Amino acid sequence: MKENRNYREPIIWNGDLNDDCTAKWSGLMLRAEWMDGDNWWWCVYDMLELDNENQIDSSNEYDEQCIGGKAARNKAEEISKEYLKNELISVLKASSDTLDIDKLISDLKCIGISPAKSITALIKNFGFEYSEAKNKVFNSPVWEGLREQSEVLTQMFIDAAVEGADKVEYAEDGRVNLITIDLTKDESGKKQSFWNKLKRKIKK
């Protein structure tokens, strides 16, 4: 990791959010600027790079237009976080020290990387099996309570699915083993859709 990276600070945008604004975060500079109509330009620079090629990415590299200032700022933040994530992983892999995966998970959370992306990073870059990577992330102190939240959400999903299922198969211990739902059936308002049931359970 380059010196002076202070990615534990929040991303704060300065300037006119409706015209031209800038955020400086962890040695990066994020820019978003209104061009014409609803079209916005965005760009991310690494200000710690010593050469002149310090642009990480910009909307100029894409055919698709970025519509609205919020979308431009969000894209710049997304690119910044992905860049720092990849840098953290590269530095750790190149280190001669013992891999400190717990610190990596903590640092990834600091820069706003989700648990799912952290799990994927462990699998792709460090050879973890899925269950091993999931347990490593879920057991991390920085994600305390995540496992419980995941289990509750999973149970809500299963309960909602069972209510509207066309077929349910159970294992010998009573747990749901297989759920079959025909999403092509016309419910015509007589029966709530699976997704509506799930939303209702989450709102409780």
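Which residues on the other side of α3 are exposed? The model is predicted: local features need pLDDT of at least 70, side-chain atom pairs count only at pLDDT 80 or more, and totals for chains, interfaces and linings use all residues. Residues are numbered from 1 along each chain as its sequence is written, and side-chain values use heavy atoms, without hydrogens and water.

The chain has six helices and eight strands. Helices are DSSP runs of H or I with at least four residues, strands are runs of E with at least two, and both are numbered from the N terminus. Along the sequence the pattern reads β-β-β-β-β-β-α-α-α-α-α-β-β-α. Of the 204 residues, 33% are buried (under 20% relative accessible area; exposed is over 50%, partly exposed in between; 1.4 Å probe, protein chains only). The accessible surface (Shrake-Rupley method, 1.4 Å probe) is about 13,300 Å². Carbon and sulfur atoms hold 48% of that surface. Among contacts (heavy atoms within 4.5 Å) with a separation of 6 or more, 41% join residues 24 or more positions apart.

Helix α3 covers residues 115–126. Pro115, Ser118, Ile119, Ala121, Leu122 and Phe126 of α3 are buried. They cover an arc (of directions from the helix axis to the C-beta atoms) of only 155°, and therefore lie on the same side of α3. An α-helix has 3.6 residues a turn, so residues three or four places apart point the same way. On the other side of α3, the exposed residues are Ala116 and Lys124. Gly127 follows α3, with a positive phi near 75°.

Technical notes:
Expected span 1.5 Å × (residues − 1).
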